[in-house]
Amino acid sequence: MQLPDSFVNEMNDFFTRHNEVPRDGFYESFDKVPLKGIRFSRSKISSAQQETDFLGDMNEDIKPVSWCSGGYYVNNEPGGRDPLYHAGVYYPQEPSAMLPAQVMAAKPGEIVLDLCAAPGGKACRLGEDMHGKGILVANEISFERSKALLRNIERSGIEGLVILNETPENIADRLPLFFDKILIDAPCSGEGMFRRDKNACKSYMNYGPKVCVPLQESILEAAHKSLKEGGSIVYSTCTFCVDEDEYQIKRFIERHPEYHVKAHPEIEGVTHASEGSILPGSMRIWPHLSEGDGHFCVHIVKGEEKDLKSADELLIKETVGLKDKSAEAALSVLDEVLSDTGREELLKGRFVSHGTGLFKMTFEEKLFRGLKVVKTGLYVGDIKPLKSGKKVFEPSNSIALALSKDAIKEDSYLGLRRDDDRLTKYLRGETISVSPEDGIKSSGTIIVGIGDFPLGFAKINGQTAKNMYPKAWRLI
């Protein structure tokens with residue numbers, strides 16, 4: 001492909017100065033077909049055997065991504081019409097992009113910020129690692145991109161989360177010294193995306209390093225103000241530009257000498273910077289040395305690293321108050337499908353209303369007052385008034401995707417095989433039929449899924465299930 005002259009000059013200078021990275025094959029790598037990948041959800045898949053079984057069902061080879069647990073290379077375009085994708089069982093993600101969240105290794109009980117979160121792949125992985133037992137803030141400064149972030153997070157079914165549409169500076173002003181860990185997948189010149197995105201070269205010419213470097217610097221400064229002592233930042237880009245990568249972090253540490261780079265054990269396919277390099281301990285994925293697009297990643301710690309887990313003191317300990325009319329209306333419907341285990345899990349937290357919407361909160365909502373909130377907590381459903389004056393509850397699809405099969409009554413769960421044509425009909429929003437062999441109750445609310453993985457709700461009447469799958473999510 002035709003690469004920008006300024007980029008070629010930049011890389012020629014890099015290879016001349018840093019002969020530890022071979023030049024041979026680098027430019028030729030941009031003519032190769034971009035690699036595809038998927039990452040299985042750590043909250044929905046419990047074993048490597050399940051992963052390999054699903055890959056077999058998808059007619060894919062078993063080829064793991066070495067730097068990401070649950071990550072695999074695939075040959076076919078993932079997602080789209082696949083019911084497993086709609087159930088949040090896997091997330092389509094470029095293999096190199098899987099590295100930063102793996103490096104961060106979020107834990108239950110932590111307060112974590114994904115500062116540049118759209119489209120959501122990294123935020124979903126962070127939430128899975130936290131198991132709903134912490135506070136995850138996923139921020140996206142672009143309102144349009146925050147919509148995609150919302151959809152992907154809802155599909156994942158993760159709890160303990162708030163989505164913001166804010167500037168890093170506003171977050172820092174409102175929440176100083178608040179976070180235990182911050183992930184910055186920084187906006188960059190995108191050199192690593194040249195072979196994947198036909199518009200990347202054009203974007204590079206308009207928004208190259210001169211534009212990106214000061215923007216990245218301001219984001220890092222805001223993150224510094226938001227981060228607790230003993231916390232850490234994982235900074236990543238998809239560019240080869242050392243001014244946006246190694247030198248950006250070197251300048252940051254010079255301004256804030258309390259930070260140091262945390263080196264990680266070497267991983268196959270990842271080039272680890274050694275002593276004597278620009279930034280020892282930083283990591284790169286080179287497209288001519290590994291199977292992935294160009295990527296930079298570094299883990300820096302503020303002072304002495306601590307196991308903070310600061311969310312514990314902010315989490316709501318009580319259960320949902322059943323005297324709340326909205327909670328009563330919701331539970332009257334959800335009790336039709338929830339097992340004792342599912343009901344117990346749902347009641348851990350507090351229900352709050354926004355308009356007609358009902359949300360389950362596991363942390364205090366007031367923490368984020370003064371910030372632009374796209375979504376807070378788990379969307380349970382809507383309380384809608386009838387002409388008679390009564391109110392009815394319509395469950396959201398988010399709640400179905402947040403449930404495990406064990407949380408659902410056996411006679412209220414229609415788990416369909418992958419080759420069952422009713423799956424496609426359901427995802428299209430069509431009415432589907434049931435038979436006595438399905439073992440489903442004859443009336444009321446049920447949940448439809450693929451195998452053991454819920455997809456959404458339906459209303460059953462005899463041998464007919466009326467579809468409740470959201471219109472915006474349906475196959476066309």
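In this predicted model, five strands make up an open sheet whose order is β18-β20-β21-β22-β19, and the pairing within this sheet is mixed. At its edges are β18 (413–416) and β19 (432–433), each of which pairs on one side only. In general, the strands of a sheet pair through backbone hydrogen bonds, in either a parallel or an antiparallel manner.

Attention may now turn to the aromatic residues. A search of the whole structure finds 30 aromatic pairs. One of these is formed by Phe7 and Phe30, whose ring centres are 5.8 Å apart. The angle between the planes of Phe7 and Phe30 is 85°, so the pair counts as edge-to-face, a class that requires an angle over 60 degrees. Phe7 belongs to helix α1 (residues 5–17), whereas Phe30 lies in the loop between α1 and β1 (36–40); the pair thus links distant parts of the chain, 23 residues apart. Are these two residues, Phe7 and Phe30, buried or exposed? Both Phe7 and Phe30 are buried. They also belong to one aromatic cluster, which includes Phe14, Phe15, Phe26, Tyr27 and Trp286 among its members.

Lys63 is placed over the face of Tyr73, at 5.4 Å from the ring centre. In a second case, Arg151 lies over the face of Trp473, at 3.5 Å from the ring centre.

Definitions and conventions: Residues are numbered from 1 along each chain as its sequence is written. This is a predicted model: local features need pLDDT of at least 70, side-chain atom pairs count only at pLDDT 80 or more; totals for chains, interfaces and linings use all residues. Side-chain values use heavy atoms; hydrogens and water are left out. Rings of Phe, Tyr and Trp (its six-membered ring) pair if their centres lie within 6.5 Å; planes under 30 degrees apart count as stacked, over 60 as edge-to-face and the rest as tilted. Helices (H or I, at least four residues) and strands (E, at least two) are DSSP runs, numbered from the N terminus. Buried means under 20% relative accessible area, exposed over 50%, partly exposed in between (1.4 Å probe, protein chains only). A charge sits over a ring if NZ of Lys or CZ of Arg is within 6 Å of the ring centre and within 35 degrees of the ring normal. Two strands pair if DSSP finds at least two bridges between them.
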